[in-house]
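Dear colleague,

Please find the structure below, handed over for your review. My findings follow it.

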Amino acid sequence: MRKSIEGRLRMARRKKLVHYFHVKSSADIVGDYIPQSDVATIKALAQKDYDKCALKELQRELFIVDKFLKEYQPERLNAVYSNLAPERQHFVQPVHLPDEEYAEQWLAVKYSGKGMAADAPLLETSRGERVRSKSEVIIADTLDRLKIPYRYEFPHQLKVRRNSCGRGVAAAIDPAGAALRNPQVNPPDDIRMQSRQPENFCRQGDGSRNLQGSPSENFCRQDNSRKHDSSRRTVAFHPDFTCLNLRTRREFIWEHFGRMDDSEYIAETLGKFETYIANGIFPGETLIFTMENQERPLNPATVEALARKYLL
């Protein structure tokens, strides 16, 4: 605004023509005529007039935001529940759970993973959890260090074509090919559970909750308007990690692809990506992935950068 041209733009319509005038002072109500060829001056004055009005409106909105931020105290809502005696909390469903309690309930969900083969190497995370590779140890320990809640090989029910029998699908489902072992409904910690519906995995990606304020496992709520697709079947996928962004209450899948110099493994990986995308799970939205090969091992700095980008 300080470097803008002096004065303001006046327009006058005469018959079908519009004439432009440069008004340079308050005493000058007519202004100097600006030829149609001097587009630069007309544009500069029009932009200045707009900027002046926009700045006034922005200052008004900034005043409202500043006033709101000074008075907004979100912790007071959490305190209403936290200050209750534990005996009373047992009978209350809060509007908003504190982060710690939300994470605690989310982590308490019961589920069955894929299990380990008898000859699998013994690799454990910092919290004593057994995983399948050193790279998964890096990912798990990074998540734990950053206090990001995660579930290892948590089952997700996804749709695949009925004639799909490729290695990409076989590698993703549980070894016995069993149906998804759904977590129990209404477990003791009172997290309301319903079956995952793969068509709408991200439908509630805004981190929505049920009415009781507990962590909602329903971010793939079923769209009842969709007709039954007989060409597709449901299988249980066990991605490496299911992570929770506690700030947004949004879940993410994290897959690590560790043998990207193996052509068969690459084909399986492409099949996994196709399945995830077909189920509405998109890279960069609710799907995080890392990969490596013999020449380029997993970089811990990359893991931390992705965790901070999507999960904090």
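Leaving aside its neighbours within four places in sequence, which residues is phenylalanine 241 in contact with? They are Glu136, Ile139, Ala140, Leu143, Tyr150, Arg151, Tyr152, Phe252, Ile253 and Trp254, where contact means heavy atoms within 4.5 Å.

This is a predicted model, in which local features need pLDDT of at least 70 and side-chain atom pairs count only at pLDDT 80 or more, while totals for chains, interfaces and linings use all residues. Residues are numbered from 1 along each chain as its sequence is written, and side-chain values use heavy atoms, with hydrogens and water left out.

The average pLDDT (the predictor's confidence in each residue, from 0 to 100) is 83, and 78% of the residues score at least 70. Over residues 174-212 the pLDDT is below 50, although this stretch has 103 contacts in the model beyond near neighbours in sequence. Residues 216-226 also have a pLDDT below 50, with 34 such contacts. Where pLDDT is low, the predicted coordinates should not be read in detail.

The protein has eight helices and 11 strands, taken as DSSP runs (H or I, at least four residues, for helices; E, at least two, for strands) and numbered from the N terminus. Of its 312 residues, 39% are buried, that is, under 20% relative accessible area with a 1.4 Å probe, protein chains only.

Phenylalanine 241 also belongs to the largest nonpolar core, which has 20 residues. Such a core is a set of buried Ala, Val, Leu, Ile, Met, Phe, Trp, Tyr and Cys residues joined through side-chain atoms within 4.5 Å. Leu143, Phe241, Cys243, Trp254 and Leu311 touch the most other members. Two or more residues each come from α5 (134-145), β6 (150-152), β9 (241-245), β10 (250-257) and α8 (300-311). A second, separate core of 12 residues includes Leu158, Phe237, Phe273 and Ile281.

Leucine 246 lies in the loop between β9 and β10. Is leucine 246 buried or exposed? With a relative accessible area of 18%, leucine 246 is buried. Not counting residues up to four places away in sequence, leucine 246 touches Asp99, Tyr102, Ala103 and Leu311.

Helix α7 (residues 263-278) has 16 residues and spans 23 Å from its first C-alpha to its last. Its buried residues are Tyr265, Glu268, Thr269, Gly271, Lys272, Phe273, Thr275 and Tyr276. Aspartate 262 caps the N-terminal end of α7, with a side-chain oxygen 2.9 Å from the backbone nitrogen of glutamate 264. After α7 comes glycine 280, whose phi is positive, near 80°.

Yours sincerely

Terms used. The expected span of a helix is 1.5 Å times one less than its number of residues. Buried means under 20% relative accessible area, exposed over 50%, partly exposed in between (1.4 Å probe, protein chains only). A polar contact is a pair of N or O atoms within 3.5 Å; within protein, one must be able to donate a hydrogen and the other to accept it, and residues adjacent in sequence count only if both atoms are side-chain atoms.
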